[in-house]
Amino acid sequence: MIKVRITKKNNVIESIHCNGHANYSRDGKDIVCASFSTMIITTINAILEFDKDAISYTGTNDLEIINIKKDNITNGLLNNLVQMMKELKENYDKNINIKEENHE
């Protein structure tokens, strides 16, 4: 199962942590993992295209994205990523778990 933890402060995304494998199908044929990975890579690349210092990220199998600048573009793209993750989860609920923490 892919596990996602989203941390927010005052409704601004602070970080997104992802780990695990969807186990929908065998490696190389898992459409859930492929979709999930594509969403993350596309979002990271889009943010870095606007501002290479807006985020930091570490890992591949245990990925964490840290929102450094918290500007409108970065937060908008991260919110879009979270929305896409939630939409994918709707179709593959057994393969994705998403938890959100919002600190005021």
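What follows is a walk through the sheet of this structure and the helices lying across it. The model is predicted, so to speak of local features a pLDDT of at least 70 is needed, side-chain atom pairs count only at pLDDT 80 or more, and totals for chains, interfaces and linings use all residues. Residues are numbered from 1 along each chain as its sequence is written, and side-chain values use heavy atoms, with hydrogens and water left out.

The sheet is an open one of five strands in the order S3-S4-S2-S1-S5, with mixed pairing. Strands (E, at least two residues) and helices (H or I, at least four) are DSSP runs numbered from the N terminus, and two strands pair if DSSP finds at least two bridges between them. S3 (55–58) and S5 (96–103) stand at the edges with a single partner strand each, so one side of each has no neighbour in the sheet. On average, neighbouring strands are turned by 10° against each other, direction ignored.

Now for S1 (residues 2–9). Eight bridges join S1 to S5, and these two run parallel. Here Lys-3 has Asn-97 as its bridge partner, while Lys-9 stands opposite His-103. With S2, S1 pairs in the antiparallel sense over seven bridges, and Lys-3 stands opposite Asn-19 there. S1 and S2 form a hairpin with two residues between them, and Asn-10 in the turn has a positive phi of about 50°.

Then come the helices. H1 (residues 31–50) lies across S1, S2 (12–19), S3, S4 (62–67) and S5, at about 145° to S3. H2 (residues 72–91) also lies across S1, S2, S3, S4 and S5, at about 45° to S2. Contact means heavy atoms within 4.5 Å; axes are lines fitted to C-alpha atoms, for helices over the stretch in contact, and angles run from 0 to 180 degrees between N-to-C directions.
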